[in-house]
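Keep the sequence at hand as you read.

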Amino acid sequence: MARDALVKDELAAKFVTEKDSPYTRWVAAEGLDIIAAHYVPDLRTVELKPWVRRGGRGVFINHEATRTSNDCYVCEIPAGGKLAPRRQLFEEMILVLDGQGSTKVWNDAGAEVTFEWQAGSLFAIPLNAHHQHFNGSGQKAARFVSSTNLPPVLNLYDDVDFVFNTPKDFPNRFAGEPDYFSPKSEQKGLLLDTNFVADAVNLPLVEAKERGAGGGHIRFAMAKGSMNSHISQFPVGTYKKGHRHGPGAHVIILSGTGYSLMWPEGEEPRRYEWGPGALIVPPNMWFHQHFNVGSEPARYLAFKHEVVSVRNAQGVPKAWISQRIGGDQIDYADESPYVRETFREALAKYGIEPQMDQVYTAELETLPPKP
């Protein structure tokens, strides 16, 4: 049975004021809600409210387990419209969900860059740079999802005017380079050195067999920020290895059909069905595992903050390392029988054969011995 550590109202009342923060008060002052969930079925249809200050509509998504690390919000730009310009002393990464348009970015020194985007485009806003988003269609609203590290910044300073109106350029982050938002292809290991991806759904990936199932992977650290992100893909009839990490990963499904299991250590897995547009936010140090039960490769984008990545002395995330040698990834050979049974049953409903036998066999050849 799951244990949620819920206590009596009498004890909870003693801490009620500590749930509030400068960040949550700011969201309320903006007239918006915070969805305190770690699963949203479809970001493209989630209900939004008028965001008067920005001239669009929006909602924040921030599970209690991630509220002090980073957040996520969905924003809609009206047809033929634009959002109000703003600058901010925090970082922001954006995935376009629907529509097309453009964004202008400029600094106090007068340098300015404008670039166009479409559904599937991925980019980051440079620290404290002025920026404004424009909808390129007069007929249809444009919608994007964003992840930021606003919560710790606003909670630290507790000064909205300072966070949003400080006249300070960071030329090492953005100096108006004409090609700043041009797609680039320079690889540094798994890291793609770019500030703009035109089409995240079809971007070529790098082999990453360490995560299991012969999938592909690519990582980003856009706009020279401390936030990071990655895209992973895995083939039909396969699933990823279970793993865990710190709080703040916002997993957005880009393509495919499947489900995820999430669970705290020692408890039963909870299942979440997904398709394109779904959002999954694994709580702090919960194991989670993603399964492809559809007829095409499954691909997702994970927005993260660096606090999510617990690394070894070599700089490798422990979520990539076997539990047998001190990491936080569960080898296929050590997973619960429930995982394979549930997967076979799910594939049978779609008439798809599992493709995991050769994956299990290949793992055994390199599997570390049990401690």
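The lining residues of the largest pocket divide into nine nonpolar, six polar and five charged. Here Ala, Val, Leu, Ile, Met, Phe, Trp, Tyr, Cys and Pro count as nonpolar, Asp, Glu, Lys and Arg as charged, and the others, Gly among them, as polar. This is a predicted model, where local features need pLDDT of at least 70, side-chain atom pairs count only at pLDDT 80 or more, and totals for chains, interfaces and linings use all residues. Residues are numbered from 1 along each chain as its sequence is written, and side-chain values use heavy atoms, with hydrogens and water left out.

Stay with the largest pocket. Its lining has 20 residues, and K209, E210, K241, E363 and T366 lie nearest its centre. Its volume is about 480 Å³. A pocket is an open set of points on a 1 Å grid over the protein atoms alone, with protein on both sides within 12 Å along at least five of seven lines; a cavity is a set where a 1.4 Å probe fits but cannot get out; lining residues have an atom within 4 Å of a point. Points are joined across faces, edges and corners, and a volume is the space filled by probe spheres set on them.

How many cavities of 30 Å³ or more are there? The count is three. The largest cavity has a volume of about 190 Å³. It is lined by 21 residues, with H230, H243, H245, K304 and A319 closest to its centre. Strand 22 (287-292) and strand 23 (298-305) each supply at least two lining residues. Strand 23 gives the largest share, three residues. Strands (E, at least two residues) and helices (H or I, at least four) are DSSP runs, numbered from the N terminus.

Now look at helix 1 (residues 9-13), which holds L11. Why is L11 called partly exposed? Its relative accessible area is 40%, and partly exposed lies between buried (under 20%) and exposed (over 50%), using a 1.4 Å probe and protein chains only.

Next comes helix 3 (residues 22-29). Its buried residues are P22, Y23, T24, W26 and V27. G31 follows helix 3, and its phi is positive, near 80°.

Finally, find L127 in the loop between strand 9 (122-125) and strand 10 (130-135). L127 is buried, because its relative accessible area is 14%. L127 and S336 are 209 residues apart in sequence and 44 Å apart in space, C-alpha to C-alpha.
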